[in-house]
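Colleague: I'd like to learn how to read a few features of this model. Could we start with surface patches?

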Amino acid sequence: MANLDPKQALEQLKGLYQSLDRRQKILGAALLLVTIGGLVALIFLTNQPEYRVLYKGLAQEDAAEIISWLKKEKVPYRLADGGATIKVPADRVYELRLQLASSGLPRGGGPGFELFDRRSLGTTEFVQHLNYQRALQGELARTISELEAVEEARVHLATPKESLFIEEEKEPTAAVVLKLKRGASLSRQEVKGIVHLVSHAVPGLKPENVTVVDSTGKVLYQAENPEEQLTQRQVAYRKTLENYYRQKIESMLSEVLGPGKAIARVSVDLDFDREIVSQEAYDPDAAAIRSEQLTSETKVNQTEGGVPGVKGALDKKLEGNLGAKGGETRYQKSSAIKNYEISRVSRKREVRPGRIKRVSVAVLIDGTYEEVPAEDGKGKVKKYVPRSLEELAQFEKIVKGAIGYDPDRGDRVEVVSVPFQMEEERKAATPMWLEVAHRLSRPLLNLVLIVLFFVIVVRPLLKSFLKRMEPEPLPAEGPQALEGEGPEEIESEEPTALPRDLAISIVHSQPERAAILVRKWLAEEMIEEALEKETKKKA
């Protein structure tokens with residue numbers, strides 16, 4: 001049966017179909033329809049388009065506007081999470097997001113500056129101020145909601161009216177309420193970023209006047225203590241400095257040894273004490289004039305004329321005693337007073353925090369490898385050879401030059417040669433075969449489903465159906481050699497009459513067995529005739 005050609009198999013199937021009664025034909029047709037229908041449904045379900053999330057956690061107003069836009073553009077969609085999540089075909093997610101963004105959707109659950117797109121006459125200043133505050137709150141809420149961990153945000157601003165008196169002015173305040181996604185959290189830096197965003201968006205708003213809480217009422221932000229803030233900056237500065245020195249050392253050694261052949265670790269001790277140093281220096285050998293006073297006196301006497309009275313007579317007598325012969329007499333006197341002071345130099349120096357006290361460096365350098373015969377004599381193995389002392393001394397000089405080594409500061413540098421055990425980096429690019437497999441995955445999946453359906457469902461049903469259709473094997477009588485078969489023992493038995501329908505079905509479905517049965521009947525008749533002749537002769 002296994003060597004039958006397609007034409008012979010088709011004839012057998014045709015004969016099998018003709019041998020079936022009406023009830024069996026109806027059952028077979030129903031089984032065939034169920035099989036084809038299940039196969040079509042399976043292929044249809046496996047080839048359904050994949051839906052992905054377009055937007056999640058939408059407000060009712062935004063969800064309604066987006067659905068209206070999708071219906072207008074005839075884009076298929078699905079709703080989830082009570083309408084808060086909208087899904088669209090996976091191949092159009094990014095395209096639809098860009099198109100919705102160009103239309104100003106989603107709006108973030110609150111009105112933004114689109115409030116001013118509609119102009120109305122007779123709007124008062126109070127209404128304008130209120131609309132501006134509402135728009136600013138909505139825009140800030142939309143911006144904060146763009147964060148990955150934030151599902152929804154609400155911003156409340158309190159901006160008091162400006163006053164002409166400084167004493168009566170009040171500072172603006174803000175409150176931010178965040179609804180985080182399930183299992184998500186915000187780091188300290190992310191919360192500070194939200195605070196700075198809000199404080200810089202509102203004129204006159206200080207960061208310490210901003211409050212941030214989550215949907216459970218937990219306070220996420222409060223004004224930091226200046227000392228605590230300085231400590232965090234100190235730690236960050238030290239880490240940055242250590243990474244700078246480490247990258248500098250490893251980049252220099254990698255140029256000499258090759259990539260991945262040197263590992264450096266740096267520890268920097270910093271002095272964060274703020275210090276002001278005042279210094280005065282005196283030089284006794286150098287004198288400086290502190291002050292100087294000069295005095296000059298000049299007196300002039302005239303002989304002609306003179307002062308009348310007794311004073312004039314005395315003057316003339318005095319001139320005669322001095323031998324003056326006439327004309328004028330001059331008298332001049334000068335004096336100088338100088339004060340000296342020792343030279344002094346005064347210096348005032350301020351030492352700012354962050355001064356490097358000491359730098360400690362540890363460097364691990366891989367050695368070289370040479371191929372040597374294996375111990376079993378089969379092949380070669382790599383043997384580690386450490387670096388020489390001269391090479392390590394050169395590398396140590398390179399490291400000292402990179403960090404600005406200062407022995408007075410107490411710096412330490414250690415360079416050691418050790419064997420490395422590192423794996424090669426794999427290529428980050430995706431292999432071509434993986435892309436091809438991804439493209440063919442869906443057709444292959446359909447083919448596998450079809451084969452499994454026939455093997456698991458159709459094949460057992462067909463086998464059970466054919467088994468029911470096979471007639472029971474007929475017993476053979478007496479030894480008889482049949483065509484194409486060896487001699488076999490046939491039990492003598494009276495031939496039983498077969499129903500007409502069963503006989504016809506056997507002839508159509510199993511012609512070989514029908515031929516064997518006919519030969520059997522002919523042989524029995526020949527045996528009976530021979531027995532009758534022998535009986536007549538004996539009689």
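Modeller: Patches are built from residues with over 30% relative accessible area and no salt bridge, joining like charges within 9 Å and nonpolar side chains (Val, Leu, Ile, Met, Phe, Trp, Tyr) within 5 Å. A salt bridge puts a side-chain nitrogen of Lys or Arg within 4 Å of a carboxyl oxygen of Asp or Glu. Here E525, E528, E529 and E532 make up a negative patch. This is a predicted model, where local features need pLDDT of at least 70, side-chain atom pairs need 80 or more, and totals for chains, interfaces and linings use all residues. Numbering runs from 1 along each chain as its sequence is written, and side-chain values use heavy atoms, without hydrogens and water.

Colleague: Where is E525 found, and why does E525 count as partly exposed?

Modeller: E525 is in helix α12, residues 511-538. Buried means under 20% relative accessible area, exposed over 50%, partly exposed in between (1.4 Å probe, protein chains only). E525 has 46%, so it counts as partly exposed.

Colleague: And G82, buried or exposed?

Modeller: Exposed, because its relative accessibility is 87%. G82 sits in the loop between β2 (78-80) and β3 (85-89).

Colleague: How many aromatic pairs turn up?

Modeller: Rings of Phe, Tyr and Trp (its six-membered ring) pair when their centres lie within 6.5 Å; planes under 30 degrees apart are stacked, over 60 edge-to-face, the rest tilted. The whole structure has 2 such pairs. One of them, Y244 with Y245, is tilted, at 5.6 Å centre to centre and 50° between planes. Y244 is partly exposed at 46%, while Y245 is buried at 11%.

How values were computed. Areas by Shrake-Rupley, 256 points an atom, 1.4 Å probe, with all protein chains shown as cover. Lys, Arg positive; Asp, Glu negative; His and termini not counted. Charge placed at Lys NZ, Arg CZ, Asp CG, Glu CD. Helix = DSSP H or I, 4+ residues; strand = E, 2+ residues; numbered from the N terminus.
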